[in-house]
Amino acid sequence: MYIKNIRLTKEDIKDFVNGANKCDFDIDIGYNRFVVDAKSIIGVFNLDFTHVLKVTYSTKDEEFERLLERFAV
């Protein structure tokens, strides 16, 4: 299991979700107990962007990890 902490703005959502959708494994994003599917633009839009967000995924993917580095905390 891989876990990365990121920060997103509303402007970043489209790039993040598009990158997540290119992966063939499940990706979750959230904070505290509020977790959504990272491939769902509606789910990601419902997050509170004042929090540091935790991205959890099971498979290492270099392209996705490069995307996460753009938003790393």
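1. Thr 56 is in contact with Met 1, Tyr 2, Ile 3, Asp 26, Ile 27 and Asp 28, leaving aside its neighbours within four places in sequence; contact means heavy atoms within 4.5 Å. The residue lies in strand β4; strands are DSSP runs of E with at least two residues, helices are runs of H or I with at least four, and both are numbered from the N terminus. Thr 56 counts as buried because its relative accessibility is 18%. Here buried means under 20% relative accessible area, exposed over 50%, and partly exposed in between, with a 1.4 Å probe and protein chains only.

2. On the basis of the values: this is a predicted model, in which local features need pLDDT of at least 70 and side-chain atom pairs count only at pLDDT 80 or more, while totals for chains, interfaces and linings use all residues. Residues are numbered from 1 along each chain as its sequence is written, and side-chain values use heavy atoms, with hydrogens and water left out.

3. The sheet is open and has four strands in the order β1-β4-β2-β3, with antiparallel pairing. Two strands are said to pair if DSSP finds at least two bridges between them. β1 (2–6) and β3 are the edge strands, each pairing on one side only. On average, neighbouring strands are turned by 25° against each other, direction ignored. Helix α3 packs on this sheet and touches β1, β2 and β4; its direction makes about 30° with that of β1. For such angles, axes are lines fitted to C-alpha atoms, for helices over the stretch in contact, and the angles run from 0 to 180 degrees between N-to-C directions.

4. β2 and β3 pair in the antiparallel sense over four bridges. Tyr 31 has Phe 34 in β3 as its bridge partner, and Ile 29 stands opposite Val 36 in β3. The two strands form a hairpin with two residues between them. Asn 32 belongs to the loop between β2 (27–31) and β3 (34–37). Its phi is positive, about 50°, although Asn 32 is not a glycine. Most residues other than glycine have a negative phi. Asn 32 counts as exposed because its relative accessibility is 72%.

5. Which residues touch the most other members of the largest nonpolar core? They are Ile 6, Leu 8, Phe 16, Ile 27, Ile 29, Val 55 and Phe 64, in a core of 23 residues. α1 (13–21), β2, β4 (53–57) and α3 (62–71) each supply at least two residues of this core. A nonpolar core is a set of buried Ala, Val, Leu, Ile, Met, Phe, Trp, Tyr and Cys residues joined through side-chain atoms within 4.5 Å.

6. Ile 29 lies in strand β2 and is buried, as its relative accessible area is 0%. Beyond four places in sequence, its contacts include Ile 6, Leu 8, Phe 16, Val 44, Leu 47 and Val 55. Ile 29 and Gly 43 are 14 residues apart in sequence and 9.2 Å apart in space, C-alpha to C-alpha. Ile 27 is also placed in strand β2 and counts as buried at 1% relative accessibility. Among the residues that Ile 27 touches, not counting those up to four places away, are Ala 20, Val 36, Val 55, Thr 56 and Phe 64.

7. Val 55 touches residues including Ile 6, Phe 16, Ile 27, Ile 29, Phe 64 and Leu 68, again not counting residues up to four places away in sequence.

8. The count of aromatic pairs comes to six. Rings of Phe, Tyr and Trp (its six-membered ring) pair if their centres lie within 6.5 Å; planes under 30 degrees apart count as stacked, over 60 as edge-to-face and the rest as tilted. The rings of Tyr 57 and Phe 64 form an edge-to-face pair because their planes are at 90°, with centres 5.3 Å apart. Both residues, Tyr 57 and Phe 64, are buried. Ring pairs link Tyr 2, Phe 16, Phe 25, Tyr 57, Phe 64 and Phe 71 into a cluster.

9. Is Glu 65 buried or exposed? Glu 65 counts as buried because its relative accessibility is 13%. The residue is found in helix α3. Its side chain and that of Tyr 57 are joined by a polar contact of 3.1 Å. A polar contact is a pair of N or O atoms within 3.5 Å; within protein, one must be able to donate a hydrogen and the other to accept it, and residues adjacent in sequence count only if both atoms are side-chain atoms. Leaving aside neighbours within four places in sequence, Glu 65 is in contact with Lys 4, Tyr 57 and Lys 60.
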